[in-house]
Protein chains: 2
Amino acid sequence: MELDTLIVNGIVVTVNPDFEIIGKGWVGVRNGRIVRVETLRPDSVMPMAREIVDADGGVVMPGLVNTHTHLPMTLFRGLADDLPLMTWLNDHIFPAEAAFIEPESVHAGALLACAELLLSGTTTCCDGYFHEDSTAQAVLQSGVRAILGQGVIDYPAPGVPDPAKNIAAARDFMQHWRNAYPLIQPSVFCHSPYTCSEKTLQSAKELARSTDSLFQIHSAETRYEYELIKARYHLSPIAYLDSLNLLDSKTLLVHAVWLDDADIEKIARSGAAISHTPDSAMKLGSGIARIQDFIEAKIPVGLGTDGCASNNNQDMFQEMDRAAKLHKVSSLNPQVMNSRTVLETATIGGARAVGMDRMIGSLVPGKQADILILDTQSPHWTPMYHPESHIVYTAKGSDVRDVMIDGKWQVRNRSLVHLNLNDILDQARAVGNRIQEWRTHRESI
Amino acid sequence: MELDTLIVNGIVVTVNPDFEIIGKGWVGVRNGRIVRVETLRPDSVMPMAREIVDADGGVVMPGLVNTHTHLPMTLFRGLADDLPLMTWLNDHIFPAEAAFIEPESVHAGALLACAELLLSGTTTCCDGYFHEDSTAQAVLQSGVRAILGQGVIDYPAPGVPDPAKNIAAARDFMQHWRNAYPLIQPSVFCHSPYTCSEKTLQSAKELARSTDSLFQIHSAETRYEYELIKARYHLSPIAYLDSLNLLDSKTLLVHAVWLDDADIEKIARSGAAISHTPDSAMKLGSGIARIQDFIEAKIPVGLGTDGCASNNNQDMFQEMDRAAKLHKVSSLNPQVMNSRTVLETATIGGARAVGMDRMIGSLVPGKQADILILDTQSPHWTPMYHPESHIVYTAKGSDVRDVMIDGKWQVRNRSLVHLNLNDILDQARAVGNRIQEWRTHRESI
């Protein structure tokens with residue numbers, strides 16, 4: 001058997017079911033898949049390979065799965081911080097979206113986001129936004145693996161000025177992208193239980209069911225939302241979604257902060273998954289999700305950065321550190337969310353949450369070759385007793401040296417292989433400059 | 001007037017009292033000091049300079065002040081995580097210290113730490129540990145500005161097997177390093193109110209007072225400590241320290257998590273400062289300090305990473321992000337700890353906390369030239385509406401391109417100018433390998 005790529009001389013952190021770590025190992029890739037993951041021994045016999053890559057003693061690990069993004073919102077990175085959620089949304093983000101979210105800007109913002117994802121080790125993202133066609137074009141160009149959902153909301157939205165057409169727009173997106181490209185899976189992104197009617201929620205879920213696609217929905221993010229839904233329907237947000245029969249194994253509940261025990265039981269019973277977004281929930285002051293309880297209830301949990309307007313970056317290494325530490329301090333228990341659990345959440349757990357755990361999320365023969373090589377020749381990686389500890393507690397996205405997705409290198413030696421970074425930055429800055437002028441003008445009147 | 005160094009073409013984030021940010025500015029340095037900080041205009045007339053450095057549109061800002069480190073503990077980075085505090089200390093850290101903390105290993109660990117500090121933009125640290133002489137040698141070699149304290153504790157400690165000699169050892173250190181080198185200020189590092197007797201605490205403070213030096217002490221870190229001190233003395237840890245007359249404007253209270261209103265009032269009245277260590281307090285599950293109340297009470301507050309056994313890195317950019325977000329989520333209020341406040345805490349606030357705010361902490365003519373240039377040519381810095389937001393919420397230590405301390409470049413283009421990184425990593429790894437063998441042996445019996 002001949003290999004396409006042979007990665008040698010790495011600490012292979014497999015994240016397989018036994019959480020095996022090979023101190024010195026090799027990984028073989030053929031036709032976009034992982035075919036061998038083995039220990040390097042003095043008597044090792046390795047297959048021929050078209051390409052041999054020396055990991056140089058660094059960490060070889062599965063690509064990270066970011067289960068919640070709004071890629072084009074990179075355009076609003078740092079536009080407005082440190083504000084109450086509703087001021088932030090109504091006075092800054094929504095007006096900026098109304099003024100600037102159009103196909104070209106979405107493409108520029110999504111491409112910027114993909115460059116950031118790649119350079120910091122995310123190989124799969126689960127995204128939802130408006131003009132998702134443009135996002136999909138950018139993602140396709142970037143080589144990132146993605147689940148993408150056209151946004152459904154009962155308000156006039158960029159590209160869908162008439163909310164009556166929101167399901168139709170989502171259906172068009174689904175039809176266009178379904179089974180079209182191996183790295184892109186269309187899905188349905190319903191904004192939330194408080195911005196969509198019962199009918200919209202059910203139609204959106206119906207569209208997802210009819211195409212066996214993921215149904216993403218922001219749920220139970222803030223106390224505001226919790227109280228609103230309680231007042232409207234006399235149910236918690238999760239109980240409300242459950243009453244509409246929206247929870248099943250193809251539903252991804254994003255944020256899931258304001259939950260009671262019964263909600264957790266409902267989610268667990270339904271098979272629905274949760275995208276946990278600690279960084280965004282911290283920055284917006286939304287609250288602390290009960291991730292320990294989710295894991296105990298065997299709910300599939302992935303990590304997500306959320307959009308750059310509320311994080312403000314997409315570094316999943318930072319998100320891991322955050323997930324590990326936030327729950328320790330909130331429970332005053334340093335034993336919760338240990339490094340293995342957190343790393344699983346950011347890889348195989350995220351893959352499970354979006355229904356792709358048979359395909360990605362660990363370095364196991366037969367899976368698609370989504371692989372990172374981390375450079376560990378730096379002070380913050382030294383010494384190294386437990387690689388998984390360093391991945392969670394000291395690594396940064398900037399330690400990512402090489403990124404392979406579906407067997408193809410997208411990053412080599414910290415540089416994008418197929419994208420022109422300077423062009424991407426220039427295009428995003430051009431939109432940013434227009435937003436800056438608009439902001440200055442608005443503030444002056 | 002001729003300059004030694006002229007830094008041009010940068011976004012100058014001064015952190016001066018008006019928090020002035022110059023969109024395109026220049027900074028002049030002469031004889032180790034900042035002499036000019038000005039806007040670059042088409043008609044600007046700049047003095048001659050021996051050296052002109054192009055910031056390339058990046059951010060020029062004051063060096064970061066890390067107010068709490070245990071530099072040599074880099075050697076224990078990731079050795080034991082996710083454990084209850086007392087198990088972690090008694091079963092892992094204390095035995096490892098007893099077996100491996102000696103002058104040579106301390107030097108290797110401290111040099112590793114300094115390399116990490118420099119490469120991630122910390123120009124001043126406030127440190128306390130054992131064999132502090134060796135740490136001081138390493139710090140001196142590195143060019144980092146530091147306040148260093150020989151550890152005082154009423155237990156047998158590395159280098160001070162007889163606790164009766166702990167004050168004498170601290171005095172020796174003080175005498176050796178006092179007024180010896182411009183970048184090094186000796187201080188007294190008393191371990192804590194629960195590991196030092198009344199007499200030790202008072203003698204240590206007396207030594208600090210007699211030399212007009214900083215008195216550092218871990219205080220009110222955990223509920224365990226709080227309850228212990230309450231049981232012993234019927235006082236909170238802070239009230240206890242106050243009853244011994246240990247609080248004044250040269251006292252730095254480290255951690256300060258378990259405080260009541262009366263404690264905060266006592267600290268404010270005394271002029272004592274606080275080193276806030278959110279990352280370490282999160283990882284150890286110690287609790288959340290009342291930083292908002294400290295700031296309102298006008299207590300000087302700096303940020304600190306703590307040692308690498310409990311963080312596990314020394315990236316002050318990460319610490320800023322943490323400080324900004326932790327207090328938002330714990331108060332469910334996204335308006336607290338805004339980016340300006342946090343950036344001040346990591347620079348001028350830290351300088352004030354360690355008594356050096358006249359000398360460092362902001363880019364103001366007359367201050368010592370401790371300056372960073374950040375590379376902003378990357379996706380996570382794009383677009384940029386508010387530089388201070390990006391410094392706090394998206395930057396990483398790896399964005400630091402150049403570091404000047406006291407007018408001398410210590411990092412250029414992300415590389416150490418005067419230290420050999422490979423040698424430093426090799427020496428630290430040699431100690432790490434011995435620790436790994438010892439750990440494996442211990443676990444096998």
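**Figure 1. Strand β14 of chain B between its two partners.** Strand β5 (residues 59-62) of chain B and β14(B) pair in the antiparallel sense over four bridges. Helices and strands are DSSP runs numbered from the N terminus, with at least four residues (H or I) for a helix and at least two (E) for a strand; two strands pair if DSSP finds at least two bridges between them. Within β14(B), B:Ile373 has B:Val60 opposite. β14(B), residues 371-374, is covered on both faces, with B:Ile371 and B:Ile373 buried on one side and B:Leu372 and B:Leu374 buried on the other. A residue is buried if 20 or more other C-beta atoms lie within 10 Å of its own, exposed if 12 or fewer, and partly exposed in between, the C-beta atoms being placed from the backbone. In a regular strand the side chains alternate between the two faces of the sheet. β14(B) also pairs with strand β15 (residues 400-405) of chain B, again antiparallel and over four bridges. There B:Leu374 has B:Val400 of β15(B) as its bridge partner.

The model is predicted: local features need pLDDT of at least 70 and side-chain atom pairs count only at pLDDT 80 or more, while totals for chains, interfaces and linings use all residues. Residues are numbered from 1 along each chain as its sequence is written, with chains lettered from A and ligands numbered from 1 in the order in which they are written.

**Figure 2. The loop residue A:Gly58.** A:Gly58 sits in the loop between β4 (49-54) and β5 (59-62) of chain A. A:Gly58 is buried because 22 other C-beta atoms lie within 10 Å. Beyond its neighbours within four places in sequence, the contacts of A:Gly58 are A:Gly10, A:Ile373, A:Leu374, A:Asp375, A:Thr376 and A:Arg401. Two residues are in contact if their C-beta atoms, placed from the backbone, lie within 7 Å. A:Thr39 is 19 residues from A:Gly58 in sequence and 15 Å away in space, C-alpha to C-alpha.

**Figure 3. The eight-stranded sheet of chain A.** The strands of this open sheet follow the order β6-β7-β8-β9-β10-β11-β12-β13, with parallel pairing. β6 (64-69) and β13 (301-303) of chain A are at the edges with a single partner strand each, so one side of each has no neighbour in the sheet. From one strand to the next the twist averages 25 degrees. Axes are lines fitted to C-alpha atoms, for helices over the stretch in contact, and angles run from 0 to 180 degrees between N-to-C directions. Strands β9 (residues 184-190) and β10 (residues 215-219) of chain A run parallel and are joined by three bridges; A:Cys190 is opposite A:Ile217 of β10(A). Helix α4 (residues 166-177) of chain A lies across β8 (145-152) and β9, at about 160 degrees to β8(A). Helix α12 (residues 339-353) of chain A also packs on the sheet, where it touches β6, β11 (251-255), β12 (273-276) and β13, and its direction makes about 125 degrees with that of β13(A).

Figure 4. β6(B) and β7(B) run parallel and are joined by four bridges, in which B:Val65 has B:Thr124 of β7(B) as bridge partner. α3(B) packs on the sheet against β7, β8 and β9 (184-190) of chain B, its direction making about 170 degrees with that of β8(B). Helix α5 (residues 198-210) of chain B packs on the sheet against β8, β9 and β10 (215-219), at about 165 degrees to the direction of β9(B). Six bridges link β7 (residues 122-129) with β8(B) in parallel, and B:Thr124 has B:Arg145 of β8(B) opposite. In β8 (residues 145-152) of chain B, eight of the eight residues are buried.

**Figure 5. Packing of helices α2 and α3 of chain B.** α2(B) and α3 (residues 132-142) of chain B pack at an angle of about 35 degrees, with their axes 8 Å apart. Residues in this contact include B:Val106, B:Ala110 and B:Leu111 of α2(B) and B:Ala138 and B:Val139 of α3(B). The contact has eight nonpolar, six polar and no charged residues. Ala, Val, Leu, Ile, Met, Phe, Trp, Tyr, Cys and Pro count as nonpolar, Asp, Glu, Lys and Arg as charged, and the others, Gly among them, as polar.
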